[in-house]
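This report covers the nonpolar core and some of the residues and helices around it. The sequence and structure come first.

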Amino acid sequence: MALPTTRLLVLAVVRLLQPVHGYDVRRELLSWHADEWANIKPGSVYGSLKTMQRDGLIAVDGVDQGGARPERTSYRITPEGEKVFGDMLREALWSTEPARHSYYAAVSLIPYAGRDDVVAALRGRILKFEADLVYLDREVERILAGSGDPRETEPHHVADNIRLAADHTRADLEWSRKTLQRIESGELDVWSKEAYGVLHQDGESPDGGSQT
């Protein structure tokens, strides 16, 4: 069963920065790029805080208001929240669930896409991944150059998360390059009737059978 990633990360930031306002929890997670690698929507942070308060995992530490600004509630983690956080973190660390995304489905269906489309898409992926790696490597350097104090900048351990993302990107880049090379050399040919028994849009398979 997939872990509730938003709850785990929001609880972690409350624990790290307590007492902390919801806005600062949101800002901290954005600085970790959690919206990219964990698909956390910034607006979901506030809903998660309310739910965790209801469930007794965090408690209100205080409410303050400055000038014309609306009231801001600050939170602390509770003993129950500490227990739940520890349990969730251990489960996450032991997780070996494979990544699931739509590209796996696309790869399994490449015989049904045009060869030129597949080649163009692979070239586009390669360019994107190359640019991503430059950005990720620079982010690691930037984070490690900071103090590591979460009150000032991203903690240094966030760089390890980015390194993991970079390693996944390198693996995707290597696969994309090799697959493109195999297609262009003719080693991977799933489009010609002679090479592969795929069903074509005309309703007939290479041996003359119908798709239905």
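Buried means under 20% relative accessible area, exposed over 50%, and partly exposed in between (1.4 Å probe, protein chains only). Helices (H or I, at least four residues) and strands (E, at least two) are DSSP runs, numbered from the N terminus. This is a predicted model, in which local features need pLDDT of at least 70 and side-chain atom pairs count only at pLDDT 80 or more, while totals for chains, interfaces and linings use all residues. Residues are numbered from 1 along each chain as its sequence is written, and side-chain values use heavy atoms, with hydrogens and water left out.

In helix H1, the buried residues are Leu8, Leu9, Val10, Leu11, Ala12, Val13, Val14 and Leu17. H1 has 13 residues and spans 18 Å from first C-alpha to last, close to the expected 18 Å (1.5 Å times one less than the number of residues).

A nonpolar core is a set of buried Ala, Val, Leu, Ile, Met, Phe, Trp, Tyr and Cys residues joined through side-chain atoms within 4.5 Å. The largest has 45 residues, and Val25, Leu29 and Leu49 have the most contacts inside it.

Leu49 touches Val10, Val14, Gly22, Ile58 and Tyr75, leaving aside residues up to four places away in sequence; contact means heavy atoms within 4.5 Å.

Leu89 lies in helix H5 and is partly exposed, at 34% relative accessible area. Its C-alpha is 9.2 Å from that of Ala12, 77 residues away along the chain.
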